[in-house]
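Colleague: I am new to this structure. Please walk me through it, feature by feature.

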Amino acid sequence: MSETTLHASTDRAQGSRNSRRLRTAGSIPAVVYGEGVSPLPVSVDAKSFRTAVSGDQGLNTLIDLDADGQKFIVMAREIQRHPVRGTVAHIDFQIVDPNRPVAAVVPLHMVGDAVEVRHADWEIDQQLFNLEVFSRPDKIPTHIDVDISHLTPGMAIRVVDVVLPEGVTPAGDPTISVVNTHAGRAAKTAEPKS
């Protein structure tokens, strides 16, 4: 079920000076937390972490974390980046139960061609590019397709209208617009003025 193994060191010293030293040596300071576990400061190799989350699942990858013999199934939940260089400065690893749903953010991809909208000189306006969902970690989709081919001028697609894979449910407000349609420039100029 878990796709990647990542080794972590538990002997990292606290403090910003020690964290800078770790980063210079090619490691990333991190913390492991979860239900029934005290927060555990660790460090992971930066290159190994990039490799672990570079697959299709990205940050939703299920990781077997080996912290000097202590084994955890985790997901990278919060990543802090350096404000200028953009490199990863700190990671929060959340311990997850592979059999229980977790919250995950999944990208939305528009598919299809809204022919009627295009022919009326209207435009498609994607409002939401990611969707927060609840799903078991092994069932988190890499992306969710939003079919726009049935749209007509004036229509919208809301979260509740999006077809989700089995076992995946939306985490937020189901009435939020994912895709709207609005009159394009050509359609606006063709409208009679009152």
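Modeller: Start with a definition. A salt bridge is a side-chain nitrogen of Lys or Arg within 4 Å of a carboxyl oxygen of Asp or Glu. Asp138 and Arg136 meet that rule through their side chains, at 2.8 Å from N to O.

Colleague: What kind of model is this, and how is it numbered?

Modeller: This is a predicted model: local features need pLDDT of at least 70, side-chain atom pairs count only at pLDDT 80 or more, and totals for chains, interfaces and linings use all residues. Residues are numbered from 1 along each chain as its sequence is written, and side-chain values use heavy atoms, with hydrogens and water left out.

Colleague: How many salt bridges does the structure hold?

Modeller: It holds three. Besides the pair already named, Lys71 and Asp66 meet through their side chains at 3.0 Å, N to O. Arg118 joins Asp113, with the closest N and O atoms 2.6 Å apart.

Colleague: Are Lys71 and Asp66 buried or exposed?

Modeller: First the cut-offs. Buried means under 20% relative accessible area, exposed means over 50%, and partly exposed lies in between (1.4 Å probe, protein chains only). Lys71 has 63% relative accessibility, so it counts as exposed. Asp66 has 15%, so it counts as buried.

Colleague: What share of the chain is buried?

Modeller: Buried residues make up 36% of the 194 residues.

Colleague: What does the secondary structure come to?

Modeller: Helices (H or I, at least four residues) and strands (E, at least two) are DSSP runs, numbered from the N terminus. Here the chain has four helices and 13 strands.

Colleague: How do I read strand pairing?

Modeller: Strands of a sheet pair through backbone hydrogen bonds, either parallel or antiparallel. Two strands count as paired if DSSP finds at least two bridges between them. Strand E4 (residues 63-67) and strand E5 (residues 70-81) run antiparallel, joined by five bridges. Ala67 stands opposite Gln70 in E5. The hairpin of E4 and E5 has two residues between the strands, and Asp68 takes a positive phi near 50°.

Colleague: Which strand does E5 join through seven bridges?

Modeller: Strand E6 (residues 88-95), again antiparallel. Glu78 stands opposite Asp92 in E6. E5 and E6 form a hairpin with six residues between them, and Gly86 in the turn has a positive phi of about 80°.

Colleague: What is the strand order in the open sheet of four strands?

Modeller: The order is E10-E7-E9-E12, with mixed pairing. Strand E10 (144-147) and strand E12 (169-170) stand at the edges, each with a single partner strand, so one side of each has no neighbour in the sheet. E7 and strand E9 (residues 130-135) pair in the antiparallel sense over six bridges. Val106 stands opposite Leu131 in E9.

Colleague: How is a pocket found, and which residues lie nearest the centre of the largest one?

Modeller: On a 1 Å grid over the protein atoms alone, a pocket is an open set of points where a 1.4 Å probe fits, with protein on both sides within 12 Å along at least five of seven lines; lining residues have an atom within 4 Å of a point. The largest pocket has 18 lining residues, and Ile28, Ala46, Thr87, Val88 and Ala89 lie nearest its centre. Helix H1 (16-24), strand E2 (27-34), helix H2 (46-52), E5 and E6 each give two or more residues to this lining.

Colleague: Which elements supply at least two residues of the lining of the second largest pocket?

Modeller: E6 and strand E7 (102-111) do. The lining includes Arg77, Gln94 and Arg100.
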